[in-house]
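Work through the exercises below with the coordinates open. Each task is followed by its solution in steps.

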Amino acid sequence: MAISPLSDFAYKQVLTMVEAMTPEQRLPSEDDLSRQLGVSRPVLRQALARLRTEGWVYARRGAGNFVGEPPALQSATFGPLHSIPDVRSFLEFRCLLEAESAACAARCGDPNLRDEITRRRRQLESALAHGELGVEEDIAFHAAIAAASGNRFFSLTMNALAEQTRVSIRLIRELSPQPMVRRSVDVRNEHRAIDDAIQAGDADAAREAMLSHLRGGLTRLFGRAAPVTENDQHHAPSSASRH
């Protein structure tokens, strides 16, 4: 069956929304989505059927539509983080990946996607203010940036790296020698700087703010943000055995 232009439009809009959400999260109702996108319910249902076929969305009888996990993402695995040097390599990789993601997001022309970044940032701030680690809120903030980048491969990669990201954030939060209050203030300020740069449409500032944030994570965990070297890989700290 041919896909109509309106259905393709609805598909792309809902896909962008789903990419900024987490698995098992409930989508707005069909009525709300129809009104939000300006399409009829039959058009929206065609788009949702396509998303369900691809695994992005699944339906629960009587409960609505929920975010799924596409088979392509299920097979795209980078494996667990095995050691302290592995964690540092991962954070260095995030510097490269997410700096450009943030720069692209700063060029985003969709106010809804930019608003989602701010909303996620505020949720993270609320979690930190209540003494929580804010791991899932942190992941959602970075996912919203990837969704706003306009390049679906940023979102695909971030989704595939969600578990590694979860582990690395917990390590930084729990093992950093920095006092918790100071660490929370720094984390809030760093995320706000990223958000502010994206809202201002300043790609260079967004890139630098993201780099500063991720390098800050390296410093909080290791005491310095030096890149991983081959020598480091062969001389991992004894504490790495715990991971």
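**Exercise 1.** Determine how helix 6 and helix 10 are oriented to each other and which residues make the contact.

Step 1. Axes are lines fitted to C-alpha atoms, for helices over the stretch in contact, with angles from 0 to 180 degrees between N-to-C directions. Helices are DSSP runs (H or I, at least four residues), numbered from the N terminus.

Step 2. Helix 6 is therefore roughly antiparallel to helix 10 (angles over 145 degrees).

Step 3. Contact (heavy atoms within 4.5 Å) involves residues of helix 6 including Arg114, Arg121 and Ala129, and residues of helix 10 including Arg188, His191 and Asp195.

Step 4. By class, this contact has six nonpolar, four polar and six charged residues. Nonpolar means Ala, Val, Leu, Ile, Met, Phe, Trp, Tyr, Cys and Pro; charged means Asp, Glu, Lys and Arg; the others, Gly among them, are polar.

The model is predicted: local features need pLDDT of at least 70 and side-chain atom pairs pLDDT 80 or more, while totals for chains, interfaces and linings use all residues. Residues are numbered from 1 along each chain as its sequence is written, and side-chain values use heavy atoms, without hydrogens and water.

**Exercise 2.** Is alanine 129 buried or exposed?

Step 1. Alanine 129 belongs to helix 6.

Step 2. Its relative accessibility is 60%, so alanine 129 counts as exposed (over 50% relative accessible area, 1.4 Å probe, protein chains only).

Conventions. Helices (H or I, at least four residues) and strands (E, at least two) are DSSP runs, numbered from the N terminus. Angles under 35 degrees count as roughly parallel, over 145 as roughly antiparallel, 65 to 115 as roughly perpendicular and the rest as oblique. Buried means under 20% relative accessible area, exposed over 50%, partly exposed in between (1.4 Å probe, protein chains only).
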